[in-house]
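Hi there,

Here is the structure I promised to pass on. Have a look at it first, and then read my notes below.

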Amino acid sequence: MLWTCRAGAQAAMPAGHAQPAAAASVATAEDIPFAPAHDTIITTQSAPGAWGGERSGNEPTLSDRVVSYTIDANLDAARHAVAGKEHMTWRNRSDRDVRSVYFHLYLNAFQNQGSTFFTERDVQTAHGRSRGNAVLEKGQWGWIRLQQVKQDGRDVTWRFVHPDGGPQTDQTVVRIDLAQPVPAGGTLALDIDFLSQLPRVVERTGWWGDFNLVGQWFPKIGVLELPGERGATQVRWNVHEFHFSSEFYADFGLFDVHLTVPSDYTVGAVGQLQGTPEQKDGKTTYHFVQGDVHDFAWVAAKGFKTLDGSYAGPGSPKVAVRVIYPPEYAASAAPTLKSSIDAIGYFSKTLGPYPYNTLTAVIPPYNAEEAGGMEYPTFFTSEGYKEVEPDTMNQMLSDFVNIHEFGHGYFYGILASNEFEEPMLDEGLNEYWDNRMLRERRQDLVLATPFTKWLGITPHISGFEFERMTAMLRHPRDPLAQNSWDRVSGTSYGTVYSRTATAMHDLEERLGRPALEKAFRLYYQRWRFRHPSVADFRAALVDGSGNAREVDAIFNAYVYGTDVMNDSVSAIDTEEVLPQAGVSWKDGTRSEVVATELDQQIKKQRSDWQKAHPDAKPGEGPFPWHSTVTVERDGASAPELLRVTFEDGTHQDVSWNDDRRWARFEFTKPSKVISAELDPDRHNYLDDDRLNNSLATQPNGAASRRWTADVAALLQTFYSMLGTL
């Protein structure tokens, strides 16, 4: 069902008006509808020609550039404000005139507590943990104001709208009513003067001291989707409010940006620096250009230093890699440079060559941690540590954050999914691919500190084990394919990372690594420089692996559903197969075993057998054993291996790969069953309770010791991460 919220009918404000009033969500009949705010799960794959069709690599540009931005920006470092002049061109890909366009004004999420961002934050954090909890005080709020908007020299009007039905006090989406419609296939040009006030670092953007991370800082046009693209059945504007747990979605294009900052500030940005920066009156102007991306962010920080390196690999240009860091975190600079270069190599090898000339990593200063762990094309922010010793927790956290934020350059950057509506395609798949890289490097999540290393204690846990233990497998509340804001809590949103990584781990186990890797490469090949949906990802997995059954088992249960998996061994029953009293026939001759004589017969057989087998192993004897193992299934089905161990030390593996809620497996052997275990090789990480996967007829403390160690490791990781997330 397509639920459409329409734009407001308030009187338009003149272009020079800095604070137009909020509008009601009503529109005229000629308006193009919004994408639905809540019914966002997509199950129908996009048309083959969506977004211009699959890129062959022979086109003049990497992407089909829909938009271009030429921006002149001047940073007032004392006020942490950016005065900007933006010339934007946008191509109307639809078959109809466009009379109004919609822009994101993301910084308005931080102007007051009445924004969609802050109202959702109160609810999400009341029912779970999340980042972005900083409290803004006087002089620390952020906002963006349109000062003038012109189309071909003519003033245009604008008004705030609420595509998702958010509070009327939210001003993160603005409708601009054009002076002249843009015909089908035509190009719109707008000149926008704006002023952006950065907030004190809250989340993703902001300032602290002389550090300015300038993200989501310019007016950015929404995406006009066509029928057959990401579930759309008609032309529609996909332009959501800035939700607390969501990120971004935009068209590919060209950015040509001049940044003027105080000359004693260090600057880094998306894209490649053009020529030599120009100095005048104590300020320096930097010129950055980058095509085939869909966002632009930058940093200006006083007293920061740089460390440079490079990457060269098949199919990629030579990549200039730079780390920008504060002096207090000098120890993190070299590890950040190395892990970033390593990540370029891994993603280039496993998905496709890195296509850009630059990569910039920024380490925020102390007290600006909320600016860390954020991604933009060719540019990301990391985390800093005063000490980074080999094989310690700090090194592990540093490496993982760098790999994860770089990985977004593929799953959010090149595979430009809609992070508002389908966060699993970015955060989740990226988290999975990051853990594969750690696994290939044989790099566990090391929980050691210099002190514990001195004590000779180096606890560790694999990345996938950690994801499993934090994935809320027992009580999932939201499907993985759900959008970012319709979730029960911030904690539930967090499972987009861990539960997706766990589901993809298990899918890899079912398909086999070669088939899974082939499917992911197909997904990348089809959808690079386009905008895939969850349904498009599923289709690539099916086509790449040839195994629709296993792909759909994961998607139906976990991506589109909230199933729980819990298989268990519930009982082991054994009995010796002894002679039975009564009559039997053989070759027409009747024989009878008298019950009163049976005990003596059995006793004699045992005695004779023991004399003949003086070196027999425990459990061996003259009579075979009949053993029955009962397994039960409480939740989603999964292919299981049952390993049954007998008293003589041998074992037998049997397969349980059907939809039965319970099953019994019978064994008649010289020795009895003493233990049984489901998934002994630990393929099914989605099983929420592995303690009931095994059962023994005699006490065995191995499982409790193993799980005690796991829980201890998890607690250490949790307490350590509290200070970094």
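Let me start with two helices. The axes of helix α7 (residues 490–511) and helix α10 (residues 548–559) come within 9 Å and cross at roughly 160°. Axes here are lines fitted to C-alpha atoms, for helices over the stretch in contact, and angles run from 0 to 180 degrees between N-to-C directions. Helices (H or I, at least four residues) and strands (E, at least two) are DSSP runs, numbered from the N terminus.

Before going on, please keep in mind that this is a predicted model: local features need pLDDT of at least 70 and side-chain atom pairs count only at pLDDT 80 or more, while totals for chains, interfaces and linings use all residues. Residues are numbered from 1 along each chain as its sequence is written, and side-chain values use heavy atoms, with hydrogens and water left out.

Back to the pair: α7 and α10 are therefore roughly antiparallel to each other (angles under 35 degrees count as roughly parallel, over 145 as roughly antiparallel, 65 to 115 as roughly perpendicular and the rest as oblique). On the α7 side, the contact (heavy atoms within 4.5 Å) is made by Arg499, Ala503, Met504, Leu507, Arg510 and Leu511. From α10 come Glu550, Val551, Ala553, Ile554, Ala557 and Tyr558.

α7 also packs against helix α8 (residues 513–527), at an angle of about 120° and with the axes 6 Å apart. That makes α7 oblique to α8. Here Met504, Leu507, Glu508 and Leu511 of α7 meet Arg513, Ala515, Leu516 and Phe520 of α8.

Leaving aside residues up to four places away in sequence, Ser545 touches Leu511, Ala515, Ala519 and Val551.

Finally, the strands. An open sheet is formed by three of them in the order β27-β30-β33, with antiparallel pairing (two strands pair if DSSP finds at least two bridges between them). β27 (567–576) and β33 (662–669) are the edge strands, each pairing on one side only. The twist averages 15° from one strand to the next. Eight bridges join β30 (residues 625–633) to β33, and Val631 has Ala663 in β33 as its bridge partner.

Best wishes
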